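The following note sets out a few points for a colleague who is examining this model. Please read them alongside the structure.

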Amino acid sequence: MRTEQQTLKVSLIGILIVSALGIGFGLVSGSFAILFDGVFSLVDAVMSVVSITLAGLIAKSASNALSRRTQDRFTMGFWHFEPMLLAVNALLMMSVATYALFQAIAALTSGGREVEFGPAVLYAAVVAVLCLVIALIEHRANKKIDSALVAMDVKGWIMAGGVTGALLAAFLIGMLIDGTEAEWAMPYVDPAVLAVVALILLPMPFATLRKAVAEISLVTPPELKARAETAAQDVAEAEGFSDYRVYASQQGRARTVDVVFYVPEDQGLRSLEDWDRVRDETRTQLDGDDPHSWITITFTTKQPPSRPVR
């Protein structure tokens, strides 16, 4: 079974191949759409290297395999970098797509661009197949890995395959109209398809960006809060506690849950073993054995703060 790092390395090799093909065929054919595809892949390759490095750090942190110095500097682990990376990746994709859109509009308003459609068709056919193959490999691997980074990478390959398929169709149309009455439209094929591709790519990373910003901002996921509330309520009722409060957030694959139980003063004199039992029961309901979970359970006899008005 592939690990997260191995899967991302396969993706990185594919991205480097696509990037080299895109830049090379883009220069040979004169197609800015292909050149954009190559540059877009190059940016993606840089982010993939960072993703692989981060995935390795997270895995080592979860298994306590980091050096003592690194553990002392990052006692909370590296999970919080995951949404940051996803946000930067999404912003880069949107920025490159925006630039490409302006370039396409400029070319369309200035008479188009001459393109050699033979090399362009060859490039699009090869890369479309390559994108779909790598997306399928990663998707199958991620059924067992269940990684947000790999899932986003799969979406990226599917997007790339769809875009390249559109390029292939456009370049084939460009070849077919050569020598016909519609030959005047040939210079406009490349910038037109570039504009369409940019418009398709531009909004796609927005959902990832929104989720990443929410995690960076420590916005509590409703599902996580509801599950933690249910677990805390069950334990509080079973143990006769007066109240409880739950604080939860998610950053990438990491879940942080703080549960505070408010205990009546006449119940405060319990053995440590009994408090550990209550703590273990709560952690069990919250999947406390998950290495990516950070669960803190506190007991106090102080009066609980008033609950916020809904």
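1. Helices in this note are DSSP runs of H or I with at least four residues, numbered from the N terminus. The model under discussion is predicted. By that definition, residues 81-108 form helix H4, in which Leu-108 is found.

2. The UniProt record, an unreviewed entry, assigns the feature "transmembrane region" to residues 12-36, 42-63, 84-108, 120-137, 157-177 and 189-209.

3. Residues 84-108 are 100% helix and 0% strand in the model, with 36 Å between the end C-alpha atoms.

4. Together with Trp-184 and Tyr-188, Leu-108 makes a nonpolar surface patch of about 320 Å². The relative accessibility of Leu-108 is 31%, so this residue counts as partly exposed.

5. Is Ser-19 buried or exposed? Ser-19 belongs to helix H1, which covers residues 4-29. Its relative accessible area is 4%; because the cut-off for buried is under 20%, Ser-19 is classed as buried.

6. Which residues does Ser-19 contact, neighbours within four places in sequence being left aside? They are Gly-38, Ser-41 and Leu-42. With Gly-38 there is also a polar approach: a polar atom of the Ser-19 side chain lies 3.2 Å from the backbone oxygen of Gly-38.

Methods:
Residues numbered from 1 in each chain as written. Predicted model: local features only at pLDDT ≥ 70, side-chain atom pairs only at ≥ 80, totals over all residues. Heavy atoms only, no water. UniProt positions renumbered as here; feature names shortened; annotations may be inferred. Helix = DSSP H or I, 4+ residues; strand = E, 2+ residues; numbered from the N terminus. Patch = residues over 30% accessible without salt bridge, like charges linked within 9 Å, V, L, I, M, F, W, Y side chains within 5 Å. Areas by Shrake-Rupley, 256 points an atom, 1.4 Å probe, with all protein chains shown as cover. Salt bridge = Lys/Arg side-chain N within 4 Å of Asp/Glu carboxyl O. Buried < 20%, exposed > 50% of the residue type's maximum accessible area, 1.4 Å probe, protein only. Polar contact = N/O pair within 3.5 Å; in protein donor to acceptor, adjacent residues only side chain to side chain. Contact = heavy atoms within 4.5 Å.
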